[in-house]
Amino acid sequence: MSDVAAAEPAHEQETVRRVLEGTETWAVVGLSNNTARAAYGVARVLQQHGKRIVPVHPSAETVHGEQGYATLADVPFPVDVVDVFVRSELAGDVADQAVAIGAKAVWFQLDVIDEEAAQRVRDAGLDMVMDRCPAIELPRLAATTPDKEA
């Protein structure tokens with residue numbers, strides 16, 4: 001993964017930085033109490049970096065001490081980032097929901113790829129990160145900004 005940052009366009013690196021540094025509340029779509037799922041560990045890392053996580057899953061479970069909601073539309077407060085842990089074929093619908101609720105950014109996790117949905121998100125004026133993981137990017141960001149605490 002370390003080669004990804006070096007090979008990507010500068011504007012993508014800047015988008016990743018802006019989303020990670022300029023946001024507080026992350027709705028994690030697909031987050032449940034299943035500790036074997038990537039969403040569970042990534043949500044914990046987000047919390048460790050000062051982010052408020054909001055579990056969004058049909059079971060609406062409380063995860064990592066945060067109340068869950070069945071859908072993005074059920075979340076009764078503003079969400080900065082919608083972090084998407086669903087299969088690529090379902091991600092476009094989640095991206096459209098993120099736009100509808102007024103999120104600032106959409107983050108498609110590793111291997112979640114939908115170019116058309118990503119373009120719709122960008123066209124709506126939101127930041128879009130695709131095929132990346134904040135649990136990987138946060139330590140990388142901290143390593144490149146020594147004057148800031150991670």
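At what angle do the axes of helix α2 and helix α6 cross? The legends below take this contact first.

**View 1. Helix α2 meets helix α6 in this predicted model.** The axes of α2 (residues 10–21) and α6 (residues 134–144) cross at roughly 95° and come within 10 Å. Axes are lines fitted to C-alpha atoms, for helices over the stretch in contact; angles run from 0 to 180 degrees between N-to-C directions. The two helices are therefore roughly perpendicular (65 to 115 degrees). From α2 come Val16, Arg17, Leu20 and Glu21; from α6 come Pro134, Glu137, Leu138, Leu141 and Thr144. Contact means heavy atoms within 4.5 Å. By class, these residues are five nonpolar, one polar and three charged. Nonpolar covers Ala, Val, Leu, Ile, Met, Phe, Trp, Tyr, Cys and Pro; charged covers Asp, Glu, Lys and Arg; the others, Gly among them, are polar.

Residues count from 1 along each chain as its sequence is written. Local features need pLDDT of at least 70 and side-chain atom pairs 80 or more, while totals for chains, interfaces and linings use all residues; side-chain values use heavy atoms, without hydrogens or water.

**View 2. Five strands form an open sheet.** The order is β2-β1-β3-β4-β5, with parallel pairing. Pairing takes at least two DSSP bridges. Helices (H or I, at least four residues) and strands (E, at least two) are DSSP runs, numbered from the N terminus. At the edges lie β2 (52–56) and β5 (127–129), each pairing on one side only. Three bridges join β4 (residues 105–108) to β5 in the parallel sense. Val106 stands opposite Met128 in β5.

**View 3. Helix α4 lies across β1, β3 and β4.** Helix α4 spans residues 88–101 and runs at about 170° to β3 (81–84). The largest nonpolar core has 25 residues. Such a core joins buried Ala, Val, Leu, Ile, Met, Phe, Trp, Tyr and Cys through side-chain atoms within 4.5 Å. Val82, Val84, Val106 and Phe108 touch the most other members. Helix α4 gives the largest share, four residues. Contacts of Val84 include Val29, Ala91, Val94 and Val112.

**View 4. Ala36 sits in the loop between β1 and α3.** Its relative accessible area is 71%, so Ala36 is exposed. The cut-offs are under 20% for buried and over 50% for exposed, with partly exposed in between (1.4 Å probe, protein chains only). Ala36 and Asp114 lie 78 residues apart in sequence and 25 Å apart in space, C-alpha to C-alpha.

Note on methods
Angles under 35 degrees count as roughly parallel, over 145 as roughly antiparallel, 65 to 115 as roughly perpendicular and the rest as oblique. Lists of a residue's contacts leave out its neighbours within four places in sequence.
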